[in-house]
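Q: Please take a close look at one part of this structure. Start from a single residue and then go on to the pairings elsewhere in the chain.

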Amino acid sequence: MSWLRILASPLVLLALLASHAPAGAAPRTPILSDYTHTAWDALKGAPIDVLKIAQDRDGWLWIATTTGLYRFDGVQFERQDSVYGHPLYSTDPLALAAAADGALWVGYRFGNVTMLNRDGARTFTTRDGLPSGAIFHIETAPDGAVWVAARGGVSRIARGAARFQPMGRDVGLPEKTAFHVLFARDGTEWVGSMDGAFFRRPGQRAFTQAWPRMPLMSMAEGPDGTVWAADDRNRYYRLRTTAPSSTRDMAPVLVGTALRFDREGCMWLMQTDAIERVAGSCRPGSSPQRVTLATGLSGPLPQSFFQDREGNLWVGTSGGLDRLRRNRVMPLQVERALDHPGMVAGPDGRIWVGSYDGDVLSMAADGSSRRVLKGYFSASHRSRDGGLWFAHNQGLRYRAPDGTVREIGPPPEARGIGTQAIQEDADGGLWVSFGSAGLYRLKDDQWTRNGGITGWPAEFVISTAVDQQGAVWMGHAHNHISILGPGQSGGAVRRLGEGAGLGLGSVLCLYRDGPRMWAAGERGVMLYQGGRFLALRGTHGETFRGVSGMVRLEDSDLWLHGADGAYRIEAAALAAWLRDPEHVEVAFTRFDALDGLRGQAAQLRPLPSLVRADDGMLWFATGSAIALVDPAHIYRNSLPPPVLIRSVAARGDLHDVQGRGALALPRGTDNLRIQFTGLALALPERVRFRYRLQGVDPAWQDAMGRRAASYTNLAPGSYRFEVTAANEDGVWNPQAATLDIDIPATFVQTGWFRLALVLALGLALYAGYALRIRYLTRRMEERLQGRLEERSRIARSLHDTVLQSVQGLLMSFGAHLHALPEGTGERAKLERVLRLARRTLLEGRDEIMDLRAGASSGEMHRALEAFGQELAHYGGHAFALHVAGVTKPLKPQVRDDVYAIGREALFNAARHAGARQVVVELDYGASAFTLRVRDDGSGLAPEVAQGGGRPGHWGLTGMRERAAHIGAAIDVASTPGQGTRIVVTVPARLAYGFALFDAQGRFRRWLRYWKR
């Protein structure tokens, strides 16, 4: 196949398009079981035709494909047409590298390279020293330089430099197609090209061509320093820096589409339809294992290989992406699947395994096995003498320490019934539970039902154990445990149940732990201590249900095997629980299918589902497989996951916040959805997140499997969102990702608006109050006005009737008086009567005037005007009243006293001044209310005006007292013969009922409109 044809294929880069391996070159190897294999194809949203894979400093997995650039956080694939907000030069990437400084380098199929980081991006072309044509490979050097292998040769750019430096004939490299650049651990630089492989050792200026001398493309360095390279027919050679002594030394060693080494030194060989770990390549005795299209590979033509910072292996194929994660639980390699395997520690230091469809095998951790006993077993027991008991539905077998085996038939009632449990007591008797057939004791080859114990409980015996004192414990279905003391095979039985705190349902496992006894079952795990059972509770509500196997390491960790997987409870956590079992929840590590443990613990038989081998390995049995754990060497992921805040959704808009420390949201935002991720690629399913929004969350919130946080009804202000994550081993990232969020307030959310709202509310309340007072005042004024009108009517009636009649009588008597001679006694008497009548007439007139007195706050000027007109009618003088300003309601007390002062002033002017004209002025000013009463009469004597009145007269004195009572100033000015002027001034704050009305009366008119 010519290299031109190879370069034309879109599926081949680095390893290039593979031809099929020669027939018989790769014998069938076992399935890849040391790793958990996960495949993503197009149906799962994965990109196809994966050409290159890289991981950046943040932890993102970047994937170059024939259709674009993608990134992956272990959960979701995202196509990226830009990086850090900077667009790519092309959507057809061919080469990819992530530099230690955080920059991502992308090379394109038709030339040019783009460097992208948070500070910006730059695309390099041939004008910048870049080779012409397709970019096949980008490699970062230990010194931070970036090397590019392209159709036009090799170039490098030093860290921080502005241009690429061509690497051609001046340094011993051909100026034509280069495929690969490799930096060996010893510092040697390697270049694979159409002319072969070239190397340059540290300190040398020029490259030297290596052997074999042929087109060499993809290269890899083995753990021993050997550099491997492939030709255009996918044959791999060991490169030599010196000339070979024979052609045999240059023969190809392996055939594969690609070859890579992981950090453990394991060699991985890719074929057109498989990935294979080469046997013995990473450690002596390591088995060859492979994953193929038939066993779940995402697609054919695996063509890219990458190992991330957590040690996961990633393989890109033409159909998708595959991940190989090293198992923490190692599946036992067997030739065929097991059928409900039973386990017991054998005398040879290995575990003896029985399967329903096979014989009993002595098995080692590497999967090697040998048959030790014919037939299967459903229950087993290791006796004190080192012998082994096995039971099935046809009876028992005893294998003595010397290897001899004897058969013992079952009781007639139990023939053909499966055996559940076997337990040796202190007297050498053997208790056997034959399931539904009941319990029997074997002694001296004789079976005794229930051991001869009368009243033995009828419940099914599922599990057995012997405590430190030699008592036999038997766990039943239906939440009961029976205890038979040593030497009491025919004696009384002690029973424990709900009264002792037992709450397990079916008791699947009893386990002696020194002086303590553990019990486990379908509902959890309990410890019998101090006469009661104490429930073992795990963090996050874990109950450890369905546990049917238990091992306690020497004063150390407690291991459980249950319905939801295997559990490891470390010694410190267990000790803390033992100190306070009522309140402490134990921390634990769970192992399940994600760790390589397939299936679940048996819930009936064979039991136990967990045993410990003599070498310390823990063996876990499930329905069809066995898995192993070395408790002394459990891989732990010590790398905390990087945490990134991805986006914020608010008001229908999605804001990308990656690489940003702050975000300003639109005014009025009150709901947020913040998306984040943790870049743990090994077990993203077990990544735990906790977050908080300062000012809202009082404490850290557990995300409970979510990668988003939502908030509603947020007030405007500044917030800080923090999120951190822990990996599958509970290693938390101490550096939380943070985002400062600012939500500006709308006008209605500002303090000014709230103040205005308070003021408006106060104003509304005050206006309502004022309207109510105004309404009540008006009602009172209307009533008073009615009374005033009624009194005026009465006054008019009295005036028109009584006073007119009296006046007529006076005139009649006056005529008679003039008819009488002067000096006579009759005339004198009549004159006295007339004087008395005139006084009575005046007093009656005064009383009538009093009937007209009174004024409402809004109609005071009318009342004064009516009173003044009445006085003018009787006094024969002119009267006028003037109002200045807008009429405002006066306070009731002010109104009454001002009216009384004005009335008194008018009365005095009419009665005593002999004035020709009396004028009243009412001035409703903004700063004061003023009443002025003036006349042009005789005036007051100076001593009267200054002294406050004549002796025996109290008019002026009363005016001054009333003015003082309301805080008003009164000024009495009079000139004899020119009249009198009385001025009363009341400050506005004392005069008016409320001060909401301006001088133009605008608010008053509004209130009137509102009231209407």
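**A residue, a sheet and some charged pairs**

A: Leu 755 counts as partly exposed, because its relative accessibility is 44%. The model is a predicted one. Leu 755 is part of helix H3, residues 751-819. Together with Phe 747, Val 748, Trp 752 and Leu 759, Leu 755 makes a nonpolar surface patch of about 620 Å².

Elsewhere in the chain, strands E36-E37-E38-E39, in that order, form an open sheet with antiparallel pairing. Strand E36 (379-382) and strand E39 (405-408) are at the edges with a single partner strand each, so one side of each has no neighbour in the sheet. From one strand to the next, the twist averages 15°. Between strand E37 (residues 388-392) and strand E38 (residues 395-399) there are five bridges; Phe 390 has Arg 397 in E38 as its bridge partner.

Arg 384 forms a salt bridge with Glu 424, at 3.8 Å from N to O. Arg 384 is in the loop between E36 and E37, while Glu 424 is in strand E40 (residues 421-424), 40 residues apart. Arg 384 is exposed at a relative accessible area of 58%, whereas Glu 424 is buried at 15%.

The whole structure holds 41 salt bridges. Another joins Asp 592 and Arg 686, with the closest N and O atoms 2.4 Å apart. Both residues lie in loops, so the pair ties together parts 94 residues apart in sequence. Arg 686 is buried, with a relative accessible area of 17%. A network of salt bridges links Asp 592 and Arg 686 with Arg 328, Asp 595, Arg 636 and Asp 729.

Methods: Residues are numbered from 1 along each chain as its sequence is written. This is a predicted model: local features need pLDDT of at least 70, side-chain atom pairs count only at pLDDT 80 or more; totals for chains, interfaces and linings use all residues. Side-chain values use heavy atoms; hydrogens and water are left out. Patches are made of residues with over 30% relative accessible area and no salt bridge: like charges are joined within 9 Å, nonpolar side chains (Val, Leu, Ile, Met, Phe, Trp, Tyr) within 5 Å. Accessible areas come from the Shrake-Rupley method with a 1.4 Å probe; for residues, only the protein chains shown count as cover. A salt bridge is a side-chain nitrogen of Lys or Arg within 4 Å of a carboxyl oxygen of Asp or Glu. Helices (H or I, at least four residues) and strands (E, at least two) are DSSP runs, numbered from the N terminus. Buried means under 20% relative accessible area, exposed over 50%, partly exposed in between (1.4 Å probe, protein chains only). Two strands pair if DSSP finds at least two bridges between them. Axes are lines fitted to C-alpha atoms, for helices over the stretch in contact, and angles run from 0 to 180 degrees between N-to-C directions.
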